[in-house]
Amino acid sequence: MRKGTYTMLSIQGLKAKVADRDILHGLDLEVRAGEVHAIMGPNGSGKSTLAGVLAGRETYAVTAGKVTFEGEDLLALAPEKRAAKGIFLAFQYPVEIPGVGNMYFLRTAFNALRRARGEEELDAMDFLALARERMKLVKMDPSFANRSVNEGFSGGEKKRNEILQMAVLEPKLAILDEVDSGLDIDALRVVADGVNALRSAERAMIVVTHYQRLLDYIRPDHVHVMANGRIVTSGGPELALELEKRGYGWIEKEPPARPAAAEARP
Amino acid sequence: MTQEATLRQLTEGKYKYGFVTEVETDQVPKGLSEEVIRAISEKKGEPGWMLDWRLKAYRHWLGLGMVEPTWPNVRYPRIDYQDIVYYSAPKPKKKLGSMDEVDPELKMAFEKLGIPLAEQQRLAGVAVDAIFDSVSVGTTFREKLAEKGIIFCSFSEAVKNHPDLVKKYLGSVVPYTDNFFATLNSAVFSDGSFAYIPKGVRCPMELSTYFRINAQDTGQFERTLIVADEGAYVSYLEGCTAPVRDTNQLHAAVVELVALPGAQIKYSTVQNWYPGDADGKGGIYNFVTKRGKALERSKISWTQVETGSAITWKYPSCILQGDDSVGEFYSVALTNNRQQADTGTKMIHVGKRTRSTIISKGISAGRGQNTYRGLVKVLKGAEGARNYSQCDSLLIGDRCGAHTFPYIEVKNPTAQVEHEATTSKIGEDQLFYCRQRGIAEEDAVSMIVNGFARQVLKELPMEFAVEAQKLLGMSLEGSVG
């Protein structure tokens with residue numbers, strides 16, 4: 001697989017707050033097409049905030065910095081426009097929408113994205129065929145197609161549903177926010193297999209996780225560690241193993257001297 | 001359609017049916033008096049018994065002192081009943097022989113509303129009675145229905161051509177003394193629809209009445225009577241719209257349903273009267289009495305989607321008189337801007353093993369106020385009666401209100417009555433989830449609301465369910481962001 005053909009996402013000096021609390025304190029990151037970046041860090045380090053800011057969640061206010069996606073100012077775009085550009089966020093807590101069928105929701109999203117890109121919409125039959133095929137990828141029972149979006153789903157089913165949505169919507173940049181939280185080992189494997197099947201030279205992924213465990217299944221090209229709203233160290237997959245052994249304490253106490261952004265390039 | 005176009009359509013769409021049709025009208029002078037009632041009766045060429053009934057109602061109404069009930073949870077300035085035109089009809093060019101002689105202006109008006117009356121483009125599978133202000137301008141598929149012995153015509157024609165049926169059932173469910181607005185209606189009602197389905201006949205198509213208020217300062221007082229004889233089945237649908245005007249207009253209708261033993265009546269309403277503007281100026285006062293009487297083993301099912309009107313006051317009800325009879329009420333009521341709705345149902349369990357289901361979904365947006373008011377009454381003899389009620393409210397924004405007033409009176413210890421209620425708010429997280437997947441905010445709201453109302457919408461006949469879904473989305477324009 002040819003990786004790193006061009007810079008897809010570039011984050012420079014990003015600062016953001018929630019209500020009156022500053023969460024991101026100047027974050028830099030470059031993601032090239034085809035790469036998988038893991039973002040690790042202790043609770044409260046700003047990992048999920050970063051994911052939310054990239055997707056355009058309005059509860060976060062960006063106070064400084066720049067984010068470009070394929071050369072375009074990402075921060076100027078509404079969430080649905082970012083989705084149309086190819087950004088997908090797999091939610092840590094997928095939302096329930098009672099009375100709205102899972103397939104109906106997904107088809108509405110799929111066709112909204114197609115419309116926004118000036119492409120032909122798929123009719124219900126063609127879409128169903130596509131969705132059925134992708135459902136196999138995450139080993140999802142066909143009965144889920146007719147249930148309401150995430151309503152009454154178990155934690156694992158919700159996460160699988162997120163990956164199904166990703167598989168159908170085929171984003172350029174997928175941000176997976178703690179996709180492993182609350183999963184037992186079997187469910188984790190199914191989710192990871194789904195994610196791995198979607199890796200490609202054209203697609204980039206940012207995998208936000210608290211635990212190294214997920215990275216045994218989804219092997220990243222780069223690992224970044226966040227603390228206090230910044231990336232404090234970056235490295236290859238071995239960095240995740242070191243964190244597993246030593247915990248996050250040493251990072252917060254003695255932040256490595258090396259600048260994170262420079263280290264991100266192998 | 002591009003996303004921008006969709007958004008534009010949503011945000012600039014406003015009320016789609018607000019046009020006025022220029023037709024010459026035949027009106028009675030403003031105000032209410034015995035002379036006015038006699039004039040209405042005469043214009044319609046009614047027999048003496050009909051006039052007598054009207055006058056009895058009028059005298060009873062006078063006794064009520066022109067003061068309408070104050071218990072509903074709605075606010076509006078006092079209505080001046082002498083400032084209303086009680087009869088307004090488009091002047092016929094000549095006596096109507098067939099649908100093709102209907103005034104082209106009127107035909108065009110209904111075409112604009114999506115209700116083609118012309119022979120070649122009628123709605124397939126739906127017979128329509130089109131009512132314009134105070135009169136019916138035409139009923140389609142009449143002959144085809146007549147082959148099965150089904151009568152479907154305007155109320156005025158029924159009075160002339162089927163007096164025995166009308167005499168027998170008129171006021172048998174909603175007597176003229178019933179309530180202020182029903183009494184007023186009984187005195188001045190001008191037209192409406194009449195349907196009779198003979199014994200054992202399953203009506204082969206949907207029957208439908210389309211109500212249009214056009215003239216200014218008029219009230220619309222229609223009356224609908226549907227009788228399903230033993231073992232018969234009928235599905236009936238009504239729709240309604242009105243022009244945009246900055247004064248309020250009164251609509252006080254009465255609907256009576258009679259389900260004889262083993263019969264089934266399914267009555268669906270998509271109510272989209274002009275709701276007034278964003279500041280609450282104008283709009284229809286929709287004060288309606290609807291009730292059905294169910295005899296042994298019969299079933300009456302009300303489904304309503306209420307999105308229009310400045311004020312809605314209606315409680316489609318069932319008197320479950322016969323043993324083993326069934327009553328159902330499925331309702332979606334949406335209030336946006338300054339709309340107010342006080343709506344619900346009454347299920348009166350008289351017979352043994354009578355069953356009723358109430359599913360009510362209230363949606364409030366803007367400064368809308370939405371009240372569910374429902375009565376479940378189990379009389380002493382209603383051995384083994386059962387009721388299940390579910391009332392859900394959905395709030396959009398923080399300036400609207402949802403209120404629930406359930407009344408339960410049980411006189412028989414073997415009865416089972418269940419009531420469930422929830423109130424929820426469209427959350428930032430739901431909207432963000434949809435938008436992150438590429439769905440624009442307005443579309444997301446419409447989708448969430450339709451999901452909330454699905455339990456009720458699926459009770460509507462197919463063609464109208466789609467219409468109702470669109471309507472819910474349109475009625476919420478500008479309620480977010």
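Visitor: How many residues does the largest nonpolar core have?
Guide: The largest nonpolar core has 209 residues in this predicted model. A nonpolar core here is a set of buried Ala, Val, Leu, Ile, Met, Phe, Trp, Tyr and Cys residues joined through C-beta atoms within 7 Å. Buried means 20 or more other C-beta atoms within 10 Å of the residue's own; exposed means 12 or fewer, partly exposed is in between, and C-beta atoms are placed from the backbone.

Visitor: Which residues have the most contacts inside it?
Guide: A90(A), I175(A), A228(B), V234(B) and A259(B).

Visitor: And which helix gives the largest share of this core?
Guide: Helix α3 of chain A, residues 102-116, with 8 residues. Helices (H or I, at least four residues) and strands (E, at least two) are DSSP runs, numbered from the N terminus.

Visitor: What is A259(B) in contact with?
Guide: Leaving aside neighbours within four places in sequence, the partners of A259(B) include A228(B), G292(B), K293(B), A294(B) and L295(B). Contact means C-beta atoms, placed from the backbone, within 7 Å.

Visitor: K293(B) again. What is its bridge partner in β16(B)?
Guide: I319(B). Strand β13 of chain B (283-294) pairs with β16(B) in the parallel sense, over 4 bridges. Two strands pair if DSSP finds at least two bridges between them.

Visitor: Which strand takes I319(B) on from there?
Guide: β18(B), where the bridge partner of I319(B) is I348(B). β18(B) covers residues 340-349 and pairs with β16(B) in the parallel sense over 3 bridges.

Visitor: Are the faces of β16(B) covered or open?
Guide: Both faces are covered. S317(B) and I319(B) are buried on one side, C318(B) and L320(B) on the other.

Visitor: Switching to L394(B). Buried or exposed?
Guide: L394(B) counts as buried because it has 25 C-beta neighbours inside 10 Å. L394(B) is found in strand β21 of chain B, residues 386-395.

Visitor: What does L394(B) touch?
Guide: Not counting residues up to four places away in sequence, L394(B) touches I363(B), S424(B), I426(B), V449(B) and F452(B).

Visitor: What are the confidence scores?
Guide: ipTM is 0.93 and pTM is 0.83. Chain B has a mean pLDDT of 86, and 88% of its residues reach 70 or more. pLDDT is the predictor's confidence in each residue, from 0 to 100.

Visitor: Where does pLDDT stay under 50 in chain B?
Guide: Over residues 1-13 of chain B. The model has 16 contacts beyond four places in sequence for that stretch. Where pLDDT is low, the predicted coordinates should not be read in detail.

Visitor: How much of chain B is buried?
Guide: 55% of its 481 residues. Its secondary structure comes to 12 helices and 23 strands.

Visitor: How many residues does each chain put into the contact between A and B?
Guide: Chain B gives 18 and chain A gives 23. On the chain B side, α9(B) supplies the largest share, 7 residues. The residues on that side divide into 7 nonpolar, 6 polar and 5 charged. Ala, Val, Leu, Ile, Met, Phe, Trp, Tyr, Cys and Pro count as nonpolar, Asp, Glu, Lys and Arg as charged, and the others, Gly among them, as polar.

Visitor: What is the strand order in the open sheet of 6 strands in chain A?
Guide: β6-β9-β10-β3-β11-β12, with mixed pairing. β6 (87-90) and β12 (230-235) of chain A stand at the edges with a single partner strand each, so one side of each is left without a neighbour in the sheet.

Visitor: What joins β6(A) to β9(A)?
Guide: 4 bridges, and the two strands run parallel. In β9(A), the bridge partner of I87(A) is L173(A).

Visitor: What about the open sheet of 4 strands?
Guide: That one is also in chain A, ordered β2-β1-β4-β5, and the pairing is antiparallel. Its edge strands are β2 (21-32) and β5 (72-73).

Conventions:
Residues numbered from 1 in each chain as written. Chains lettered and ligands numbered in written order. Predicted model: local features only at pLDDT ≥ 70, side-chain atom pairs only at ≥ 80, totals over all residues. Contact = placed C-beta atoms within 7 Å.
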